[in-house]
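Biologist: I should like to learn how to read the features of a protein model. May we go through one together?

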Amino acid sequence: MRNVRFFGNVPATKSRYGSHYGEKIFEYRGERYREWIPWRSKLSAMLVKGHEIDLKGNEKILYLGAASGTTISHLADIVDEGILYAVEYSAKPFKKLLELAKIRENIIPIFHDASKPWEYSGIVEKVDLIYQDISQKNQVEILKLNSHFFLKDRGRILMMVKAKSIDSTAEDEEIFRRVLEELSKSFDILLTDSLEPFHKGHIFVYGRKV
Amino acid sequence: MLKLRYNLWFGELGEVLEVSKDLRKSFEGAKNPTPLPFNVSELGLKVFGKDYYGLLRKIAIEVSEEKVEKELRSDDKYVVALVKALEEIEEAMNNLKEKKEELEEVRETEILENFSGSISNLERLKERIEEEIEVVMQRISPNLVEIAGAKIGAKLIEKFGSLENLAKAPASKIQIVGAEKSLYKAIARIKRGKEAKIPKHGIIFTHPFIRGLPKNKRGKMARFLASKISIAAKIDLFRGELEEGLYDSVKKRFEELRRL
Ligand SMILES: C[S@@+](CC[C@H](N)C(=O)[O-])C[C@H]1O[C@@H](n2cnc3c(N)ncnc32)[C@H](O)[C@@H]1O
């Protein structure tokens, strides 16, 4: 992926910015890198497990559940010529996200509830990718709504799913099966895998709008 | 004929585009019931040229910064007010039910239907408030919700007055808060030289991990849970982000105690 390089088993993103959440900064062949630990970020875990998604650097991305911006800070390094719309509804992590948005020119912070995309429908443009990491019971529904409002035809989705937040009683496998079944009504599933051992009870799903 | 109008962050699009004179206001009002049939950035780039994203980002930061500060100041007050309302409603429902039963014993009267109507109205209101508590708690105290549940978490915040007070309270206080009455009674008995049981749990007593244990193990679980609740409240106060693993440690303790 653009601007990503592995150092041993751990990826890092090429970046001219400083540390955002305590991650290490180092130089390699005259370029600065920010260490991207798989335990801290599900996207990093996905890369460490050998999966890739295609990002050229100029994509428009809608990111749901930005929290304090751990993963977004690396995505911003990757799509350095693109735009990231970062939606988060919880005030405390959002404050930290704002610090990031103030120094990163490609992050647009949006303080809204992702389950109500109509409330930011006149702000967010049509995007190439929707990234979702919100641990909500109805997260598939929320993804579909946002895809209906903002995803380009043949645009892609990348969703992080935590079994326990969808159903705390059923078996993980059963929950993931149901999520995939529900998703495949609106998306072609391109890739899916568990994020263990970095994120317990999580999978990612990568798909394309049909 | 129906005229379509679209609310964009930089203005309103009807037959013509009216560029907003107050971008912060139009940014906040950029809501539309259905997806825009065009790409807002394409239009915006025509209006603002290459400044489009810089301007959008500047407005987005200004508007959300203000909203965030406002919310941080009022969020736990809102939870406190909701919990208080909920308690009042529950009490009112109980009173109504009691009065209704009293009436029923005396006479079959049409008034009884009005009672039932009022009770079911209150029931709906109660459910609505409980839903709202879930939503707000999830946002302001994800860790507390994760290990104590939204309802217990909200009641704790209400008892201590704010998330900050809860986070600063000693775990021993968290463990018994809500059981003050029986605590004072027990102390009074002991002072009089009589035997009494000191209560081991208050609000947190309704937690499934405590109720799911035999009586002799509940005290241990309550102590453990209270200390984890204290940690959860601290993380929620300072960072507000979910900490993976906190719940697992509580569940593990529960399972250990259950097997013992
Ligand atoms: C697991 S965290 C995301 C971590 C982040 N993606 C990262 O890797 O840096 C989930 C976040 O989603 C947010 N969230 C949950 N439901 C949401 C909703 N309906 N709208 C906006 N944000 C939401 C939570 O407040 C929380 O900050």
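Predicted model: local features only at pLDDT ≥ 70, side-chain atom pairs only at ≥ 80, totals over all residues.

Biologist: What should the twelve residues of helix α9 of chain B span at 1.5 Å a residue?

Modeller: The expected span of a helix is 1.5 Å times one less than its number of residues. For the twelve residues of α9(B), residues 180–191, that gives 16 Å, and the end C-alpha atoms lie 16 Å apart, which agrees.

Biologist: At what angle do helix α4 and helix α6 of chain B pack?

Modeller: Angles of 65 to 115 degrees count as roughly perpendicular. Helix α4 (residues 111–140) and helix α6 (residues 150–160) of chain B pack at about 80°, and their axes are 9 Å apart. α4(B) and α6(B) are therefore roughly perpendicular to each other.

Biologist: Which residues of α4(B) and α6(B) meet?

Modeller: From α4(B) come E130(B), I133(B), E134(B) and M137(B), and they meet A150(B), K151(B), G153(B), A154(B) and I157(B) of α6(B). Sorted by class, this contact of α4(B) with α6(B) has five nonpolar, one polar and three charged residues.

Biologist: At what angle do the axes of α2 and α3 of chain B cross?

Modeller: Helix α2 (residues 40–48) and helix α3 (residues 52–106) of chain B have axes that come within 9 Å and cross at roughly 110°. That makes α2(B) roughly perpendicular to α3(B). On the α2(B) side, V40(B), S41(B), G44(B), L45(B) and F48(B) meet Y52(B), Y53(B) and L55(B) of α3(B). The residues of this contact divide into six nonpolar, two polar and no charged.

Biologist: Let us turn to sheets. In what order do the three strands of the open sheet in chain B lie?

Modeller: Strands of a sheet pair through backbone hydrogen bonds, either parallel or antiparallel. In chain B, three strands form an open sheet in the order β1-β2-β3, with antiparallel pairing. β1 (6–8) and β3 (17–19) of chain B are the edge strands, each pairing on one side only. Neighbouring strands of this sheet are turned by 15° against each other on average, with direction ignored. β1(B) is joined to strand β2 (residues 11–13) of chain B by three bridges, and L8(B) stands opposite G11(B) in β2(B). Helix α2(B) packs on this sheet and touches β1, β2 and β3 of chain B; the direction of α2(B) makes about 60° with that of β3(B).

Biologist: How many strands form the open sheet in chain A?

Modeller: Seven strands form the open sheet of chain A, in the order β7-β6-β5-β8-β9-β11-β10, and the pairing is mixed. The edge strands are β7 (107–110) and β10 (187–194) of chain A. Within this chain, strand β9 (residues 151–162) and strand β11 (residues 202–209) pair in the antiparallel sense over seven bridges. K162(A) has H202(A), in β11(A), as its bridge partner. Helix α3 (residues 91–103) of chain A packs on the sheet, touching β6 (83–87) and β7 of chain A.

Biologist: Finally, how much area do chain A and chain B bury between them?

Modeller: The size of an interface is often given as the accessible area lost when the parts come together. Chain A and chain B bury about 3,300 Å² between them, 57% of it on carbon and sulfur atoms. In chain A, K92(A), F111(A) and I123(A) lose the most area to chain B, together 18% of what that side buries. As for contacts, 39 residues of chain A touch 42 residues of chain B.

Note on methods:
Residues numbered from 1 in each chain as written. Chains lettered and ligands numbered in written order. Heavy atoms only, no water. Axes fitted to C-alpha atoms, helices over the stretch in contact; angles between N-to-C directions. Helix = DSSP H or I, 4+ residues; strand = E, 2+ residues; numbered from the N terminus. Parallel < 35°, antiparallel > 145°, perpendicular 65-115°, else oblique. Contact = heavy atoms within 4.5 Å. Nonpolar A, V, L, I, M, F, W, Y, C, P; charged D, E, K, R; others polar. Pairing = 2+ DSSP bridges. Buried area = accessible area lost by both parts, 1.4 Å probe.
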